[in-house]
Amino acid sequence: MATQCVTKVELTVSCENLLDMDVGSKSDPLCVLHMYTSGNQWFEVDRTERVKNCLCPKFAKKFVIDYHFEVVQKLRFSLYDIDNKTIDLSDDDFLGELECTLGQIVSSGKLTRPLLKNKRPAGKGTITISAEEIKDNRVVNFEAEARKLDNKDFFGKSDPYLEFYRQMETGWQLAHRTEVVKNNLNPTWRPFRIPLQSLCGGDMEKPIKVECYDYDNDGSHDLIGIFETNMTRLQQATRVSPAEFDCINMKKKQKKKNYKNSGVVSVKFCQVVKEYTFLDYIMGGCQLNFTVGVDFTGSNGDPRSPDSLHYISPNGVNEYLSAIWSVGLVIQDYDSDKLFPAFGFGAQIPPHWQVSHEFPLNFNPSNPFCSGVEGLVEAYRMCLPQVKLYGPTNFAPIIRHMSQFAQQALQQNTASQYFVLLIITDGVITDMDHTRAAIVAASHLPMSIIIVGVGGADFTDMEILDGDDGRLRSPSGEPAIRDIVQFVPYRKFQNAPREALAQCVLAELPEQLVSYFRLKKLQPPSDPKPS
């Protein structure tokens, strides 16, 4: 498997003078990054957090993308005023956008441009994007608390949060914002992590500024106090002997003679660890195990009829086959034996014609494996005329089936195997509650689920399973510990080149794999060669 040398670039985004779309308060902006692929397609790379009631946001969430020097990588930064919880942006107010190339940002280091709306200036709105190559893959794990913070609220107590800033030639750049602890002058923040490069550029002596604020809903956050430190000092922290810092508010200090501080921030834990990448795991011996599930329910239409989603056209294709080819060709490079189990669900199968929700496409339960993508395609073609499309559309059985294998791999307590289930479906799901429970259970296992929706059905249920807009929960209320589902509607890519679908379908997989092994504190099986 050829791995190109790719540079990773971190992009930091801030805006000034955004349009104000909210009556009685200010806009609640969020920035979405899209990348242009060959074939006239934009696909979403990532989105920042939403900053409430703010027309000049500094986004703490960074965009990390691969920089290919030899390719023109067109980017689009779009700003929206978010007033609801849906992932869909069509119901949110559009605040403006910037289209540029990654090369333009990288060559400027810091790019400021006006935001455009319908190709005209979006008021006085501007966007600033800073780029930095990521050369250091260490992160810093923090645990912090504070005591006796100043009370800034008339009713109740302050709602404190911390902001960490890195010193740049052009001033201070936001590296991280903690969560807000409500109504507490002695807060303990949840453990958090900051990439070492974002915090101090890898220089342990470089000043780091920490600002403590009282959060206000209307966006007018009150400064409690500030201190400066560096990594050398922070790393001396232990739970027994924390590193303690006086929070100083200069305005108060100038007014009060016997002013001491506005509270004390106590860092109890500060540990620098190496962060392994997706390639580190793959090159260090982790295998991807790829399984396919194909929807054979009646809503697909009679395969002999040209308007059926299972109808194979005279030139030998349909949407199911295209999805198998697109995704399979990429994944098979990461699987050493290239043997893929393939199952169907929702059909009546011979010889007794009972409905099955997990039957091998080759009708061989003891050996459901297909050899390579060609084997998958062949098994699908052979299976299609032998089954009767039926129903209902149940996902849970095939997810649980795959979970059993992931559970066995979990017992080994190594990062040697990760499982990917590709479900291709026409969309109308019957066992939603069972499926949600199965996905939440699977979020604890080394596996990801990719759902490709074919046809023109309403895919709202699939958007719910793809937890991008908040944690998926089981019917009993248990949250998934991580987002493991990626949903992509095939029709968006119908006229795009094959690699565009694969690129979008697999976009979240590297981060899902890395986040799982990181959660379990598992290193690559063998130490990958230094890059």
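The chain exposes about 25200 Å² of surface, and carbon and sulfur atoms supply 51% of it. Such accessible areas come from the Shrake-Rupley method with a 1.4 Å probe, and for residues only the protein chains shown count as cover.

Residues are numbered from 1 along each chain as its sequence is written, and side-chain values use heavy atoms, with hydrogens and water left out.

**Confidence**

The predictor's confidence in each residue is called pLDDT and runs from 0 to 100. Its mean over the chain is 90, and 96% of the residues reach 70 or more. Over residues 1–5, however, the pLDDT is below 50; beyond near neighbours in sequence, this stretch has seven contacts in the model. Where pLDDT is low, the predicted coordinates should not be read in detail.

**The whole chain**

Along its principal axes, the C-alpha trace spans about 90 × 55 × 50 Å.

Of the 531 residues, 50% count as buried, meaning under 20% relative accessible area, while exposed means over 50% and partly exposed lies in between (1.4 Å probe, protein chains only). Among contacts (heavy atoms within 4.5 Å) with a separation of 6 or more, 71% join residues 24 or more positions apart.

**Strands side by side**

Two strands pair if DSSP finds at least two bridges between them. The table lists some of these pairs.

| Strands | Bridges | Direction |
|---|---|---|
| E2 (residues 29–37) and E5 | seven bridges | antiparallel |
| E5 and E6 (residues 93–101) | eight bridges | antiparallel |
| E19 (residues 347–349) and E20 | three bridges | antiparallel |

Seven of the eight residues of strand E5 (residues 74–81) are buried, so E5 is largely enclosed by the rest of the structure. Leu 79 in E5 is the bridge partner of Cys 31, and Lys 74 has Thr 101 in E6 as its partner.

Elsewhere, an open sheet of three strands has the order E20-E19-E23, with antiparallel pairing. Its edge strands, E20 (354–356) and E23 (388–389), each pair on one side only. Gln 348 stands opposite Val 355 in E20.

**A helix and its surroundings**

The end C-alpha atoms of helix H7 (residues 372–383) are 17 Å apart, which agrees with the 16 Å that its twelve residues should span at 1.5 Å a residue; the expected span is 1.5 Å times one less than the number of residues. Buried residues of H7 include Val 373, Leu 376 and Tyr 380. Among the elements covering its buried residues are helix H6 (319–331) and strand E22 (369–371).

Ser 371 lies in E22 and counts as exposed at 54% relative accessibility. Leaving aside neighbours within four places in sequence, Ser 371 is in contact with Lys 338 and Leu 339.

Note on methods. This is a predicted model: local features need pLDDT of at least 70, side-chain atom pairs count only at pLDDT 80 or more; totals for chains, interfaces and linings use all residues. Helices (H or I, at least four residues) and strands (E, at least two) are DSSP runs, numbered from the N terminus.
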